[in-house]
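This report goes through one protein model, from single side chains to its strands and a pocket. Please keep the sequence and the structure in view while reading.

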Amino acid sequence: LGDLSPVKYSDWATPIVLVVKKDGTVWICGNFKTTPNPIFCIGHYSLSWIEDLLSSPARGQYFSRLDLSNYYFQMSVDDSSRKYQTISTQKGLYQYNSLPLRITSAPVLLQWAMNQLLKGVS
């Protein structure tokens, strides 16, 4: 699907963890707590207050629903950051082309991106 690219060498290779989802499918996740997460500087980004989120729709005329399934995989990652997102599998080393689950800074990056995307929409 283009989520992974093979690489020959990495200083940051991390083992994988297989997670069985409720529907029986298997999700391959990197165990990033052992390699890059300890060195990442995590930014702080405030989340919206629930009261603000629930009061905004009362003034709206148009409504939409966003599909945020696999949202992490919808955010591409800069080439220079991909080396930190290398997983080690039985078939070799692979780098994620998008933001993988379990990267410490992912929730902050996603919230910032969502706020930028919806800026001015109320």
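The side chain of S10 reaches the backbone nitrogen of A13 at 3.4 Å. It is a predicted model, in which local features need pLDDT of at least 70 and side-chain atom pairs count only at pLDDT 80 or more, while totals for chains, interfaces and linings use all residues. Residues are numbered from 1 along each chain as its sequence is written, and side-chain values use heavy atoms, with hydrogens and water left out.

**Two loop residues**

S10 sits in the loop between β1 and β2. Helices (H or I, at least four residues) and strands (E, at least two) are DSSP runs, numbered from the N terminus. S10 also reaches the backbone nitrogen of W12 with its side chain, at 2.9 Å. A polar contact is a pair of N or O atoms within 3.5 Å; within protein, one must be able to donate a hydrogen and the other to accept it, and residues adjacent in sequence count only if both atoms are side-chain atoms.

Is S10 buried or exposed? S10 is buried, because its relative accessible area is 16%. Buried means under 20% relative accessible area, exposed over 50%, and partly exposed in between (1.4 Å probe, protein chains only).

R82 lies in the loop between α1 (50–55) and β4. R82 counts as buried because its relative accessibility is 18%. The side chain of R82 reaches the backbone oxygen of V77 at 2.9 Å.

**The sheet**

In what order do the 5 strands of the open sheet come? The order is β1-β5-β4-β2-β3, and the pairing is mixed. The edge strands, β1 (4–7) and β3 (26–30), each pair on one side only. Two strands pair if DSSP finds at least two bridges between them. Strands of a sheet pair through backbone hydrogen bonds, either parallel or antiparallel.

| Strands | Sense | Bridges |
|---|---|---|
| β2 (residues 14–20) and β3 | antiparallel | 5 bridges |
| β1 and β5 (residues 92–96) | antiparallel | 4 bridges |
| β4 (residues 86–89) and β5 | antiparallel | 4 bridges |

β2 and β3 form a hairpin with 5 residues between them. In its turn, G24 has a positive phi of about 95 degrees. Across this pair, L18 has I28 of β3 as its bridge partner, and I16 stands opposite G30 in β3. Another hairpin joins β4 to β5 through 2 residues. In β5, L93 is the bridge partner of S88. L93 is also the bridge partner of V7.

**The second largest pocket**

The second largest pocket has a volume of about 240 Å³. A pocket is an open set of points on a 1 Å grid over the protein atoms alone, where a 1.4 Å probe fits, with protein on both sides within 12 Å along at least five of seven lines; lining residues have an atom within 4 Å of a point. Grid points are joined across faces, edges and corners, and a volume is the space filled by probe spheres set on the points.

Which element gives the most to the lining of the second largest pocket? β3 does, with 3 residues. The lining residues include V26, W27 and I28, and also F73, I87 and Y96. By class, the lining has 8 nonpolar, 2 polar and 2 charged residues. Ala, Val, Leu, Ile, Met, Phe, Trp, Tyr, Cys and Pro count as nonpolar, Asp, Glu, Lys and Arg as charged, and the others, Gly among them, as polar.
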